[in-house]
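Please walk through the aromatic side chains of the model shown below. The text follows ring pairs first, then charges over rings, then a single residue.

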Amino acid sequence: MEQKIKMTQIQEDFALWKDSEPERFIAVYGEDERSSVKKLVERAEKLIAACRKEKERMHQMFSFEREYAAYDYICGIDEAGRGPLAGPVVAGAVILPKDCSILYLNDSKKLSEKKREELYDIIMKEAISVGIGYASPKRIDEINILNATYEAMKEAVSMLNPAPDILLNDAVTIPGLAVRQVPIIKGDAKSASIAAASIIAKVTRDRLMVEYDSVMPVYGFAGHKGYGSAAHIAAIKEYGPSPIHRKSFIKNFVDVTD
């Protein structure tokens, strides 16, 4: 009688292959009649179906990139941090390769922190070029958040090497740039390049706010990332504004006069 493979080995193989080679698991164990193995095979089949669905979604996410495929270097650009009471606004600019196969790119707000961190590393490794730009809280107060966002975006674009031939923007048209721009409403959920830029900007800014939290812990920046939570506003009222608070954003509930 043929000796059956032990369940511990099968479970180890499933853990090893489920993310990268679920088809291999089915090929090896698909004929096993044990109910516990059948359940693992069913899980592998569901993973394959989910991956197929995600690839279809990503094909749609690259529709703008295909539309403008005549351009060699297509750059997606987006920002993070227009709304918070504290910290900079950060812009990301990303040129993905034409044969990009990254899955799960999406509006960074629709992704978990863990998934954003994973995708950040993948994007930084696989992108042709990544640029990051910043506008400080002081600059935001000086020229307003929209103009500061434009400055951060222009800085991000200037960091790219090679330079982009076309920009796919999340809704805006950046003044003062000679390169062609295509504003796309809700672009971070429609264009893979803009989604990648959204992730780069969001992760970069979140990491920076965690660093600020380590030196100014009373405000809780690591938790709310500078947004106007009740606890954050209460901390501003109790301790006064920090050097990274945007005076123009907090003047309605705390005295910010010099």
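**Aromatic pairs and their surroundings**

The structure holds five aromatic pairs. Rings of Phe, Tyr and Trp (its six-membered ring) are paired if their centres lie within 6.5 Å; planes under 30 degrees apart count as stacked, over 60 as edge-to-face and the rest as tilted. Helices (H or I, at least four residues) are DSSP runs, numbered from the N terminus, as are strands (E, at least two).

The model is predicted: local features need pLDDT of at least 70, side-chain atom pairs count only at pLDDT 80 or more, and totals for chains, interfaces and linings use all residues. Residues are numbered from 1 along each chain as its sequence is written, and side-chain values use heavy atoms, with hydrogens and water left out.

Phe14 has a relative accessibility of 5% and therefore counts as buried; Phe25, at 1%, counts as buried too. Buried means under 20% relative accessible area, exposed over 50%, and partly exposed in between (1.4 Å probe, protein chains only). Ring pairs also bring in Tyr29, which is linked with Phe14 and Phe25 into a cluster.

Another edge-to-face pair joins Tyr219 and Tyr239, with 6.4 Å from centre to centre and 75° between the planes. Distant parts of the chain are linked here as well: Tyr219 lies in the loop between α8 (192-215) and α9 (221-224), and Tyr239 in helix α10 (residues 230-239), 20 residues apart. Tyr219 is buried, at 7% relative accessible area, whereas Tyr239 is partly exposed, at 46%.

Charges also sit over rings, a term used if NZ of Lys or CZ of Arg is within 6 Å of the ring centre and within 35 degrees of the ring normal. Arg207 lies over the face of Tyr120, 4.3 Å from the ring centre. Arg246 is placed over the face of Phe249, at 5.0 Å from the ring centre.

Where is Phe253 found? Phe253 belongs to the segment after α11 (247-250) and, at 24% relative accessibility, counts as partly exposed. Leaving aside neighbours within four places in sequence, Phe253 is in contact (heavy atoms within 4.5 Å) with Leu85, Ile233, Ile236 and Lys237. Between Phe253 and Glu65 there are 188 residues in sequence and 45 Å in space, C-alpha to C-alpha.
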